[in-house]
Structure formats: structure tokens, C-alpha cells
Amino acid sequence: MINRVDVPPFPKAVAPQGERQPSAQEKGRDISGTDSRGNSAMLRLALEIGRLGSWERDLVTNEMTANPICRAHLGLPVDEPLTFEKLKKLQHPGDVERINQAVTYALATRSDFNVEHRIVRPDGYIGRLLVRGTPIFEDGRPVRLVGVTQDVTERERAKEELKDARHRQDFLLKLNEQLRSVKDPFAAMEATAQSIGQLLKVDCVGHGEVDDGRGVVLVEREWSRGAISNEGRAYRLQEFLHGMIDDSKVGQTLTIDDVSADPRTGSPAVQNFYSTINARAVLTVPLLKEGHITAILYVISSTPRSWSEDDVALVEDVAERTWTAVEKLRAERGLHDTEFRFRTFTEALPGFAWIATPELELVYYVNEQTWFEFSGLSREQTLGHGWLSIVHPEDLAAIMQDAKNATGDVMEAEMRYRSVDGTYHWHIVRVGSLYDSSGEFKGKIGTSINIHNLKETEAALRKSEERLALAQRAARIGVFDWDVGSGTITWMSEQEELFGIEPGSFEGTYEGWTSRIHPADVNAFEKSFREAIARGDREMGFTYRIPLPDGSFRHIEGSLMIFYGQDNGPARIIGVNIDVTKHKQAEHRQQLLIRELHHRVKNTLATVQAIVGSTARTASSIDEFYQGFVGRIVSLARTHNLLTEDLWQKAALEDLIQTELGPYEDEARNRIIVEGPHVELPSEAAVPIGMAIHELTTNAAKHGALSTFGGQVEVRWRVEPGEERPILHFAWTEHGGPRVSTPTRQGFGSRLLQRVLATQLQANVAMNFPEEGLRFTMTLPIPGAPPIFNPDQ
């Protein structure tokens with residue numbers, strides 16, 4: 001068993017409290033130079049602080065001893081004797097073989113054993129222990145096992161709770177997806193009942209709606225033992241919520257852990273009701289609307305069950321989600337039904353038909369019953385000028401003005417009529433002039449169609465279209481419609497935006513599309529399209545690139561649906577285009593970073609290998625090797641930190657210098673002078689130059705200008721144009737330090753400065769040792785910048 005808890009190192013031998021500690025010879029281990037009594041006291045203190053139990057088993061007699069903490073771990077009283085047989089009975093049967101294998105292996109290999117297993121305590125509680133022990137040998141023969149125990153029950157329980165929380169979160173996400181995909185309220189009820197039943201492993205789950213007037217719960221869908229019932233059941237609300245109906249009316253969830261033992265369900269009638277539905281434990285969530293119970297979600301177990309807070313919270317959450325989904329689906333269905341009825345009505349009889357005199361006195365109209373139901377006006381109240389009483393005042397003035405225009409043109413206008421409930425409804429009115437046989441103007445004839453619902457629908461549709469347009473713009477989704485017969489292609493504004501053209505400027509032709517995408521992608525699309533038509537496919541996916549002015553590409557993924565005509569050829573094609581450039585860039589960037597990481601790791605390992613070899617050859621002691629090696633590795637790490645800030649592309653020369661010399665800066669004495677233009681060094685140059693600056697700084701601090709009070713270091717550089725690349729002139733000058741003489745041997749720093757820089761960077765390096773201080777100069781062509789990331793290459 002892998003040790004999953006941080007346990008202190010196991011002692012060489014653990015003796016029970018009050019027992020003699022065996023000698024070093026008896027233990028078979030070297031404990032010379034220790035104070036046994038002091039160690040025992042410290043050990044006991046450590047065990048108590050860490051809540052670790054200690055135990056010992058005599059392998060000859062099988063006698064066992066344990067401290068109080070160990071007994072508590074086993075669920076035993078402090079004064080109850082512990083035997084090996086009793087210990088074996090406490091071990092969980094499923095773990096006994098694994099425990100025996102661990103002990104047997106430890107005895108055979110003379111090693112410690114470490115095993116985590118379950119304990120069935122005398123009170124039935126199952127705990128988990130981490131047991132660590134070691135065998136003690138005498139004359140090559142095992143005589144005792146000693147060890148420690150740690151109770152890890154709570155840790156495992158926390159892990160299980162975390163697992164359950166994640167499982168329930170996944171469940172809610174999956175349920176949301178199911179509820180979003182269903183189109184029928186009953187399907188939403190079924191999805192909820194089945195999902196919650198399987199998750200909680202109960203016997204029955206149902207969604208019921210409350211008929212408050214009749215006092216019943218109507219259950220249209222119920223999940224019971226894996227099957228969905230749609231028979232439709234009715235329960236009396238008083239029975240379902242007996243004794244707790246007042247609590248439910250304020251939204252309080254009802255939980256019954258055991259119907260037979262709960263005082264609220266003690267009456268024979270309630271007991272009989274719950275027995276009829278085979279319920280021993282019940283969890284019921286009421287859903288309120290305007291202070292009334294409108295629905296309930298109930299969960300039933302045929303055996304007693306203690307409902308946890310997580311169970312209650314989950315079912316309450318699911319109940320609210322289900323009710324919202326059901327109401328939404330019903331509202332959508334209601335809207336659909338309303339639109340259907342509206343269409344049916346207008347097709348059968350398009351509103352009110354009427355005839356009026358030139359003075360707008362109504363003399364005739366049809367559909368009196370509909371008119372009366374709408375306006376509340378009887379026939380007598382309507383004829384003459386009576387109908388004008390329900391016209392909106394703002395519209396009445398326009399009507400009176402239009403009545404003076406006796407023309408033959410048919411006019412169309414919108415106006416508002418007040419309904420019987422006092423609200424105004426929009427109507428579309430079509431009016432024509434009425435003439436007699438002699439051509440004399442006699443009045444107006446027209447129809448009024450109630451378009452109030454249509455107005456509201458149009459407003460809702462406009463909002464929906466606005467939301468859809470916003471979503472398309474946010475997701476960068478373009479839509480096109482291709483009439484194959486006429487060759488006309490219609491682009492939505494989002495499609496034109498993808499191609500970077502002004503709205504409404506697309507030519508509407510196939511060539512207008514293909515001229516704006518990569519030619520290779522046109523050929524690939526046409527090949528795939530021909531193959532799809534040959535197979536009779538109705539859907540097809542495709543990808544293409546849009547060249548951009550800066551030389552990069554916009555990557556598009558799309559899909560289209562093909563509608564075939566009577567000749568089995570494509571008649572109409574509708575499709576969408578999605579901008580996936582960012583995803584493509586992310587994929588390419590990830591591949592680039594992986595390749596760059598491989599390259600950098602190999603280069604870094606090679607650099608470290610060179611540092612180890614060179615440092616070892618020049619060091620005169622282990623300490624000198626350690627100090628030199630660590631300093632150079634730290635310098636390498638600093639340079640890498642600067643590089644990683646720019647994705648391993650480049651680092652500034654002044655940053656490399658300040659990283660090394662910054663700790664020695666003293667503004668009062670002006671010890672450090674750094675002067676030069678901004679220079680970006682690619683990673684290939686930054687690493688060796690950074691290490692060279694480190695060597696110069698280290699040498700100055702140990703032997704040069706930075707090792708004395710008045711010493712000063714000047715670092716200056718300039719950049720001049722070169723034939724192919726700019727030339728960097730770098731100078732390091734020290735003065736004010738100890739007198740300098742030419743060294744008698746060449747160390748790692750000198751080799752790095754004179755060889756590595758010259759070899760890797762083609763630098764001309766010079767080191768002079770005048771008495772006033774070291775002078776180092778370096779001239780090199782600045783390496784070219786690394787290639788800029790381009791996702792289209």
C-alpha cells in the first residue's frame with residue numbers, strides 16, 4: 001500500500017510505555033551514543049503530538065501491547081487488553097491478505113512495512129488506519145514487530161466527499177444539457193426523475209403539479225426502479241404533506257428519514273398512505289409561485305434513509321431547474337399555439353369587415369360576436385359614431401383627417417382600439433373608397449385585423465434577432481444562402497465582416513467568394529463538394545483561409561446543408577462560417593513552444609554539462625567547486641528568467657548587466673556605471689553573454705574593484721552598423737581596486753570569455769591587466785532575431 005500520509009520516520013525500535021527498552025544487541029541495530037530514557041520521552045511526546053499510536057507484538061508468544069492512542073484508533077477502551085487474535089478480528093476481511101503479505105515481506109527482507117487498511121471497530125464503525133512497522137531480530141531470528149498507527153479516516157472521508165461533490169456537479173451540468181435539449185415539458189420531467197433517481201439510488205422520483213383548488217397533486221411522469229411511468233396519478237396534497245403542509249406553503253423542504261418512526265407521520269391513515277406507495281423515507285421539495293404551491297418534486301426510498309444536507313440542496317436545486325425548464329417549454333408551446341390560433345383565425349375570417357358613411361358613421365359590420373367580445377360594445381352602441389369611442393385619441397385625429405380625402409386609392413394604416421378590459425390593441429386597417437353606380441362617393445369600406453399579438457411577436461422576434469446577431473458577432477459566425485439555380489449567394493452582415501468588406505458590398509456570386517480565399521482551398525472545397533453531391537450527402541464540412549493585408553490568414557471552418565431539387569441536383573445551399581483563427585494560432589503556438597522547449601532543454605543540459613566539467617577542472621577544493629558551480633547555475637537561471645519573460649525570444653543587454661551588478665550598486669559612492677543604448681539579444685547570445693558578465697562580476701567582487709571600498713566598475717557599449725549585422729562594442733573597465741597583475745593560470749571565467757564567446761558568437765575578445773584594474777573588451781556582430789511566431793507557416 002502506498003503511503004499517502006506524511007508520517008515521521010519510523011524509529012529503530014519502539015518500546016511500550018513502562019517496558020524495558022531492548023539493548024542494541026537485542027535489537028540487531030546500532031543505537032550507540034543515545035540516551036534511551038531521553039529518546040523514549042521524546043518519542044512518547046512525538047507520538048502524542050502527531051496522534052500516532054505505538055504497538056508491539058511478540059512473535060514468539062503473540063502477546064501485544066499498545067499505547068492509549070493506538071487503542072483509540074482500534075476503537076478499544078484504554079483498559080481492555082489487546083491480543084493478536086482480537087487484532088485480527090478487527091482487521092477488515094477484505095484487507096487481511098494484503099496486511100499479511102506486507103508483514104511477511106518485511107520479515108523476509110528485514111525491512112519496514114507500510115500498509116493502509118480498514119478497521120471494523122467493536123461498535124461497527126469502519127475506520128482507516130495507516131500502519132507502519134519493522135521487525136526486530138535476535139541471532140538472525142525475528143522476535144518482535146514494533147510500529148505506529150495513524151488514523152486517516154477523516155482524510156478518506158474528505159476525499160469521498162470531494163468526489164461526491166464533483167460527481168454531483170457533473171450531474172447538474174449533464175442535467176442542464178438534457179433540459180436544454182428537450183422540447184416537451186413531460187420529457188423534462190422524465191429527464192429529471194430518472195437522473196435524480198439514478199444518482200441518489202432511490203426507488204421512486206416524481207414531478208407533480210398541485211391543483212390547489214382540488215387539493216391534489218397531479219403526477220404526469222414518475223420514475224420507479226428504472227422505469228418511467230406516464231399513466232398519470234393523483235395524490236391528495238394533505239396526504240403527501242400531512243402535518244407539514246403549512247411549512248411547505250412557505251417553501252420549506254420536507255424530509256422524513258423513517259416514516260414508521262417520525263412523529264409527524266404517526267397516524268394510521270398516513271402510515272397506510274406511505275405503505276401504499278412503498279415509502280419508508282421521503283424527501284419533498286415544494287415550489288411556490290405567488291405564495292402558492294404550484295409543484296413538488298418528491299424522492300422516495302423503500303428503506304429508511306438519513307437525508308444529508310447535500311441531498312436536500314441537490315434536490316432543491318434540481319427542482320428549481322426542472323420547474324424553470326417546464327415553464328419555459330410550456331410558454332414556448334403556448335406561444336406556438338397562440339400563433340397557430342391567430343393564423344387560423346385570420347385565414348378563416350380576417351378580423352372585422354365594415355362600411356361607413358363619408359362622415360365615418362358605421363352603418364354595417366360583420367362578426368358581431370367577435371367584436372362584442374373584444375370591445376364590449378353591443379350592436380346599438382357600435383353603429384353610428386359609437387365605434388369611435390374605443391379608438392385611441394392619438395389615432396382619432398388622423399382618422400378624421402383621412403376621412404376628408406375622398407380618393408379611390410386603398411389606404412393602409414395602423415391604429416389602436418380599446419378592448420373591453422381597457423387595454424388598447426393595435427389593428428391594421430385597410431380602407432377603400434365606396435362609390436355608387438353613378439360614381440358618387442358614398443363612404444368607406446374596410447377591414448380591421450387585430451395585430452396586437454403580431455406586434456408583440458414582432459418585438460420579441462426583433463429582440464431575438466438582435467440577440468442572434470450579437471451572438472454571431474461575438475462568436476464570429478457568418479451565414480450564407482446559395483440559390484444554386486440562379487447562382488445568387490446571399491451573405492449576412494457577419495459573413496461580410498469575416499471577409500473584411502463593407503456591409504452590403506458583396507457581389508452575390510460564387511466568384512466573389514472564391515476570389516477572396518486561398519486558391520488551394522478553393523480547389524479542395526470544389527473537390528469535396530463534387531464528392532458530396534455524388535454521394536447524395538445532405539451535409540458537408542469545409543475549411544479555408546482568407547488572406548489578410550498583412551500577409552497572414554484568417555482561418556475559417558464551416559458546414560453547409562444541401563437541399564436537392566426534383567432533378568436530384570443541388571437547388572439550395574445554406575451554411576455557416578466560423579472564425580477559428582485564434583484556435584489555429586493556439587495550436588501552432590503550442591507546437592512551437594513544445595519544439596522550443598525541447599531545443600532549450602537540450603541546450604541548457606549541454607551548458608550545465610560544460611559548466612560542471614570546466615568548474616571541476618579549475619576548482620582546487622570541493623567548496624570552491626560548489627561555490628563556483630552554484631554561482632554559475634544561478635547566473636544561468638537569471639538569464640533564463642529574462643528570456644522566459646519574452647517566450648524565449650530575446651533579453652535586453654542592460655537587463656543582463658543590472659541582474660548581476662545590481663546588488664553592488666551604491667548611489668552614494670557611484671560604484672557602478674552602466675551606459676549604452678537599448679540592445680535586444682536573442683537567446684543564443686543572451687546565455688553566453690549573461691554568463692560572461694557573471695564571471696566578470698564574480699571576479700570583481702572577489703579580487704577586483706568591487707572587493708574594496710573605493711573600487712568602481714564602468715560598463716559601456718555602443719552599436720555601429722556592420723556589413724551584414726550591427727556590431728556591438730562592449731567594454732568592462734575596473735579601477736580603484738587592488739593592484740592587478742596578469743594571472744599565472746587560466747580559469748573557467750577566462751576560458752568562457754575568450755573561447756565560448758569567440759566560438760559561439762564570433763566575438764573578438766581582449767583582456768588586459770593594467771595595474772589600475774582589469775579591462776575587458778568584446779566586439780561581435782549581433783545575431784539575428786529569432787523568427788517571429790507565425791501561425792500560418
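R57 lies over the face of F84, 3.8 Å from the ring centre. In a second case, the charged end of R110 is placed over the ring of F137, at 4.2 Å from its centre. A charge sits over a ring if NZ of Lys or CZ of Arg is within 6 Å of the ring centre and within 35 degrees of the ring normal. The model is predicted: local features need pLDDT of at least 70, side-chain atom pairs count only at pLDDT 80 or more, and totals for chains, interfaces and linings use all residues. Residues are numbered from 1 along each chain as its sequence is written, and side-chain values use heavy atoms, with hydrogens and water left out.

**Aromatic pairs**

**F525 and F542**
- F525 and F542 pair edge-to-face, with 5.4 Å between centres and 80 degrees between planes.
- F525 belongs to helix α18 (residues 519–535) and F542 to strand β20 (residues 539–547), so the pair ties together parts 17 residues apart in sequence.
- Helices (H or I, at least four residues) and strands (E, at least two) are DSSP runs, numbered from the N terminus.
- F525 is buried at 7% relative accessibility, and F542 is buried at 9% relative accessible area.

**Cluster**
- One aromatic cluster includes F525 and F542, with W482, W491 and W513 also among its members.

Conventions: Rings of Phe, Tyr and Trp (its six-membered ring) pair if their centres lie within 6.5 Å; planes under 30 degrees apart count as stacked, over 60 as edge-to-face and the rest as tilted. Buried means under 20% relative accessible area, exposed over 50%, partly exposed in between (1.4 Å probe, protein chains only).
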